[in-house]
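This report describes selected side chains in one protein model. The sequence and structure come first.

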Amino acid sequence: FFSKIGKGPFLGAFATSFFFLTFSIARMTLASATDRLGFARAVRMGTGLGALALGLTFFPALALIGFGLAGIAFSIVFPTMLAWAARRHPGLRAQMASVSIAAAGLGGVILPYLIGQGVETFGAPSLTPMLIAPALAVFALTFLEHENSSRP
């Protein structure tokens, strides 16, 4: 992304490291937030705030901040959804965890390739909408879930 907008690969590597730094720190410090918020609200906040943070990447001067804030926001999503799925389907708890982790791994292989192809085809500005769209889709899908299954 940063190479394509003329900022060079160093800033791109730094932004990636910064995202994962903020992501890791937030995972360690916000772990108990789901207890206070509930599953649905935690996922909504993570995906909604993450989408807003990614919106900053539309502006090259704010892109680094956007990626860092996105790391914080998205840190809570996967572990919350993992616990939520197990709570929602207690008879399939082990299978839900296995399928979720396998899907995350597969997504971690396929999605970067697809996003790279999208950026190559449509240009660097297409990255932001490609990242925001799935975040907003997950945000919207949480409203289909019953609130009574969203408390830890």
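Is Phe39 buried or exposed? Phe39 is buried, with a relative accessible area of 3%. The model is predicted.

## Aromatic pairs

The structure holds seven aromatic pairs. In one of them, the ring centres of Phe20 and Phe23 lie 6.1 Å apart with the planes at 70 degrees, so this pair is edge-to-face. Both residues belong to helix H1 (residues 9-29), where they are three residues apart, about one turn of the helix. Phe20 is partly exposed at 48% relative accessible area, whereas Phe23 is buried at 17%.

Phe39 and Trp84 make a stacked pair, with 6.2 Å from centre to centre and 15 degrees between the planes. Phe39 is in helix H3 (residues 39-55) and Trp84 in helix H5 (residues 77-88), so the pair ties together parts that are 45 residues apart in sequence. Trp84 is buried, with a relative accessible area of 8%.

## Aromatic cluster and charge over a ring

Phe19, Phe20 and Phe23 form one aromatic cluster. Elsewhere, Arg44 lies over the face of Phe143, at 3.9 Å from the ring centre.

## Nonpolar surface patch

A nonpolar patch on the surface is formed by Leu30, Phe58, Phe59, Leu62, Ile65, Leu69 and Ile72, which together have about 610 Å² of accessible area. Ile65 sits in helix H4 (residues 63-74) and is partly exposed, with a relative accessible area of 45%.

## Ser100

Ser100 is part of helix H6 (residues 93-122). Its relative accessible area is 18%, so Ser100 counts as buried, the cut-off being under 20%. Leaving aside residues up to four places away in sequence, Ser100 touches Phe78 and Leu82.

Note on methods: Residues numbered from 1 in each chain as written. Predicted model: local features only at pLDDT ≥ 70, side-chain atom pairs only at ≥ 80, totals over all residues. Heavy atoms only, no water. Helix = DSSP H or I, 4+ residues; strand = E, 2+ residues; numbered from the N terminus. Buried < 20%, exposed > 50% of the residue type's maximum accessible area, 1.4 Å probe, protein only. Contact = heavy atoms within 4.5 Å. Patch = residues over 30% accessible without salt bridge, like charges linked within 9 Å, V, L, I, M, F, W, Y side chains within 5 Å. Areas by Shrake-Rupley, 256 points an atom, 1.4 Å probe, with all protein chains shown as cover. Salt bridge = Lys/Arg side-chain N within 4 Å of Asp/Glu carboxyl O. Phe/Tyr/Trp six-rings, centres within 6.5 Å; stacked < 30°, edge-to-face > 60°. Lys NZ or Arg CZ within 6 Å of the ring centre and 35° of its normal.
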